[in-house]
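Here is a short walk through one structure. Keep the sequence and the 3D view open as you read.

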Amino acid sequence: DTILGDEILLSNIKLMKIIKYGKLSLLRNPKAILKSGRTIKWHFDMFHGNGLIDQAANLLEESEKNDFVNYINEKNSFNRGNMFICRSKDIMNKFYNSLFPWLERCEKKFGFNLKGYGQTRIYAYLAERYIPYWFKKHSKHLVWPALSFNIPRKKL
């Protein structure tokens, strides 16, 4: 039913990035010093604001909340880039009826006066974590590599 882009493995984050961005996240989750302890929640806290994904998860519909919280607390990878292909109109409608009301509730809570790159795009980052969770739960899915080509421009 659905194709998702390849996964970002959180165990591959370099120690220098953790030291630079993740001191507080590391204090909140000391297991993350080991590659096996790095979860989606820890990664989100490190780059986008401690506790924000927890606050956002609390705004989900009850039918999704517990499973999403388990997903972000247990998984150590997610499918990148807000990309997916879905062939079912019914599945797409169900997905959009779950995603957009949630993001609207998040907008009311967090607003738009956010600081820094990691927070000004928080709604895209929340969607990036929610997309693989939702499609893996509600559809048959495949994971394919996402390729891009940088075509150089000709000088005029």
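Lys41 lies in helix α3. Helices here are DSSP runs of H or I with at least four residues, strands are runs of E with at least two, and both are numbered from the N terminus. The model is predicted: local features need pLDDT of at least 70, side-chain atom pairs count only at pLDDT 80 or more, and totals for chains, interfaces and linings use all residues. Residues are numbered from 1 along each chain as its sequence is written, and side-chain values use heavy atoms, with hydrogens and water left out.

Is Lys41 buried or exposed? Lys41 is buried, with a relative accessible area of 14%. Buried means under 20% relative accessible area, exposed means over 50%, and partly exposed is in between (1.4 Å probe, protein chains only). Leaving aside residues up to four places away in sequence, Lys41 touches Arg28, Ile53, Asp54, Ile72 and Asn73. Contact means heavy atoms within 4.5 Å.

Now take the whole helix. Helix α3 spans residues 40-48, and eight of its nine residues are buried, so the helix is largely enclosed by the rest of the structure. Among the buried residues are Trp42, Phe44 and Met46. Just after α3 comes Gly49, with a positive phi of about 125 degrees.

Next, a helix pair. Helix α6 (residues 89-110) packs with helix α8 (residues 122-138) at an angle of about 145 degrees, their axes 11 Å apart. Axes are lines fitted to C-alpha atoms, for helices over the stretch in contact, and angles run from 0 to 180 degrees between N-to-C directions. The contact includes Trp102 and Leu103 of α6 and Tyr130 and Trp134 of α8.
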